Amino acid sequence: MNFDFTEEQKLFAESVRRFAQAHLAKDALQRAHDSRFPFDVARLMSAQGLMGITIAEADGGQGGALMDAVIAIEQIAAVCPRSADVVQFGNFGPIRTFAEYGTAHQKKKWLTECLAGNAVISLGMSEPEAGSAVTDLKTSAKQDGSSYILNGTKVFSTFSPEASVFLVYVRYAPGVGGIGSVLVERGAGGFTIGPPQEFMSGEVWSELHFENCRIPAENVLLGPGGFKKQMAGFNVERLGNTARSLAFGRYCYDRAREYAAERQQFGRPLAEFQGLQWKFADMAIKLEGAQLLLYRAAANADKGLPSAYETAVAKAACNQTGFEVAHEAIQIMGAAGYSKSSLVEYCMRRCRGWMIAGGSIEMLKNRIAEHVFDRRFDQRPPKPKASEAAE
Ligand SMILES: Cc1cc2nc3c(=O)[nH]c(=O)nc-3n(C[C@H](O)[C@H](O)[C@H](O)COP(=O)(O)OP(=O)(O)OC[C@H]3O[C@@H](n4cnc5c(N)ncnc54)[C@H](O)[C@@H]3O)c2cc1C
């Protein structure tokens with residue numbers, strides 16, 4: 001067993017770090033406080049080969065491994081945390097599910113512009129009544145000749161105020177087997193996008209309303225029975241959230257470490273107080289452990305999709321670690337860490353969101369418990385027995 005990067009991975013990590021330092025370091029703070037998608041960064045990353053790292057070359061990607069995309073997130077986040085969102089978008093988000101299952105026509109129409117950094121896709125999965133219980137989704141897609149008619153509402157879709165196309169989970173028929181997904185373009189008749197609303201992280205989202213929205217049948221991404229495939233693609237998105245959580249935690253740890261070495265109180269550097277040294281030891285233990293779980297899930301996926309279990313374990317560990325380390329870093333840095341003139345408070349706010357987004361920590365633990373006991377635990381209340389129902 002070897003825990004080191006290969007020579008190739010080391011060279012790649014160094015080249016991404018050099019790129020980030022040359023192009024992204026200068027405006028890192030300002031970028032974090034700008035809610036707009038940084039298209040300028042996306043175009044730069046596209047030219048640098050950092051978009052579509054794991055997408056096949058035939059589809060305009062780089063044909064690399066998932067581990068390369070994780071390395072890219074880590075190296076970019078270490079210099080400009082906000083720009084890591086572009087690596088997420090270009091490699092892990094709905095773009096990855098789209099590249100996996102899209103038709104040649106769909107890819108030609110939308111993937112090329114996304115990989116060029118000129119367009120973003122937004123994911124319409126959550127609904128007012130279907131959050132963690134995603135299979136309760138109601139947004140319907142009814143076939144009508146050569147088109148489908150959509151009705152329903154989606155909430156919390158990141159990038160929705162700017163996205164040009166939306167990957168929308170829909171219901172063709174009752175039950176889990178009736179779920180699939182479609183692509184809807186901004187501007188489609190019967191599709192309205194509500195005013196932007198803001199998360200604690202500063203990210204914006206809009207409600208998506210479909211009222212007899214007609215789309216051509218060629219916009220179907222996954223038909224009935226597509227839910228499992230969708231979730232398999234979504235595990236890549238989860239791993240991107242996982243990698244960003246850990247990278248943002250590490251960013252805060254590094255800033256706190258530098259600060260503790262420099263800052264003097266009571267005539268000595270903060271680093272000399274044992275109460276703070278132990279905080280650093282605890283942070284290091286958490287970061288190192290979570291890092292190995294992240295790399296295991298990514299390395300085992302190689303060029304494919306990661307395992308649901310390894311992704312769940314890595315995401316729960318990295319989400320928890322990223323937040324706890326960022327939180328502790330603020331404590332160590334005092335008011336300097338709490339101030340918006342440092343990126344540490346920004347990283348903490350972002351890490352908090354990933355404990356909910358893309359499968360909350362509780363839902364991941366449910367998944368892990370099923371693996372532990374090798375059985376399914378239905379989260380729904382038991383159905384009344386036939387004799388009880390008759391009473
Ligand atoms: C930063 C951010 C970005 C997001 N981006 C998108 C996006 O781009 N597209 C999109 O469609 N959605 C997006 N979401 C929504 C996200 O997918 C949901 O927030 C998530 O699925 C949880 O749903 P909910 O918020 O409705 O919480 P609920 O499902 O109402 O859950 C509330 C609480 O109960 C817990 N809970 C629920 N069920 C169980 C259970 N069975 N066992 C134990 N605990 C349980 C949850 O863990 C949570 O703590 C985003 C959310 C955030 C925070």
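A: Asp374 counts as exposed, because its relative accessibility is 71%. Here, "exposed" means over 50% relative accessible area, "buried" means under 20%, and "partly exposed" lies in between, using a 1.4 Å probe and protein chains only. The residue sits in the loop between H13 and helix H14 (386-390). Helices (H or I, at least four residues) and strands (E, at least two) are DSSP runs, numbered from the N terminus. Asp374 also has a positive phi of about 50°, although it is not a glycine.

Two notes on reading what follows. This is a predicted model, in which local features need pLDDT of at least 70 and side-chain atom pairs count only at pLDDT 80 or more, while totals for chains, interfaces and linings use all residues. Residues are numbered from 1 along each chain as its sequence is written, and side-chain values use heavy atoms, with hydrogens and water left out.

Now to the ligand. Helix H13 (361-373), strand E1 (121-124) and strand E3 (147-158) each supply at least two residues of the shell around the ligand. A residue is near a molecule if one of its heavy atoms lies within 4 Å of it, and the same cut-off applies to a strand. Which element gives the most to this shell? E3 does, with four residues. Of the 20 residues around the ligand, Ser126, Ser132, Thr158, Ser360 and Glu362 come nearest.

What kinds of residues make up the shell? Eight are nonpolar, ten are polar and two are charged. In this scheme Ala, Val, Leu, Ile, Met, Phe, Trp, Tyr, Cys and Pro count as nonpolar, Asp, Glu, Lys and Arg as charged, and the others, Gly among them, as polar.

Next, look at individual atoms. A polar contact is a pair of N or O atoms within 3.5 Å; within protein, one must be able to donate a hydrogen and the other to accept it, and residues adjacent in sequence count only if both atoms are side-chain atoms. Met125 places a backbone N or O atom 2.9 Å from an oxygen atom of the ligand. Phe156 has a backbone N or O atom 3.2 Å from a nitrogen atom of the ligand. Thr158 uses its side chain: a polar atom there lies 2.8 Å from a nitrogen atom of the ligand. The ligand taken alone exposes 970 Å², and the protein buries 68% of that. Such accessible areas come from the Shrake-Rupley method with a 1.4 Å probe; for residues, only the protein chains shown count as cover.

Strand E2 (residues 140-144) pairs with E3 in the antiparallel sense over five bridges. Two strands pair if DSSP finds at least two bridges between them. Within this pairing, Ile149 in E3 is the bridge partner of Lys142. E2 and E3 form a hairpin with two residues between them, and Gly145 in the turn has a positive phi of about 65°. E3 also pairs with strand E8 (residues 204-216), in the antiparallel sense over nine bridges. In that pairing, Leu150 stands opposite Cys213 in E8.

Like Asp374, which has a positive phi of about 50°, Phe159 has a positive phi, of about 70°, although it is not a glycine. Is Phe159 buried or exposed? Phe159 is buried, since its relative accessible area is 16%.

Arg171 stands opposite Ile179 in E5. On to strand E9 (residues 220-222): E5 pairs with E9 in the antiparallel sense too, over two bridges, and Val182 stands opposite Val220 in E9. E5 is mostly covered, with six of its seven residues buried.

One residue brings this last picture together. Ser181 belongs to strand E5 (residues 179-185) and counts as buried because its relative accessibility is 0%. Leaving aside its neighbours within four places in sequence, Ser181 is in contact with Leu167, Val168, Tyr169, Val170, Tyr172, Val220, Leu221, Leu222 and Gln230. Contact here means heavy atoms within 4.5 Å.
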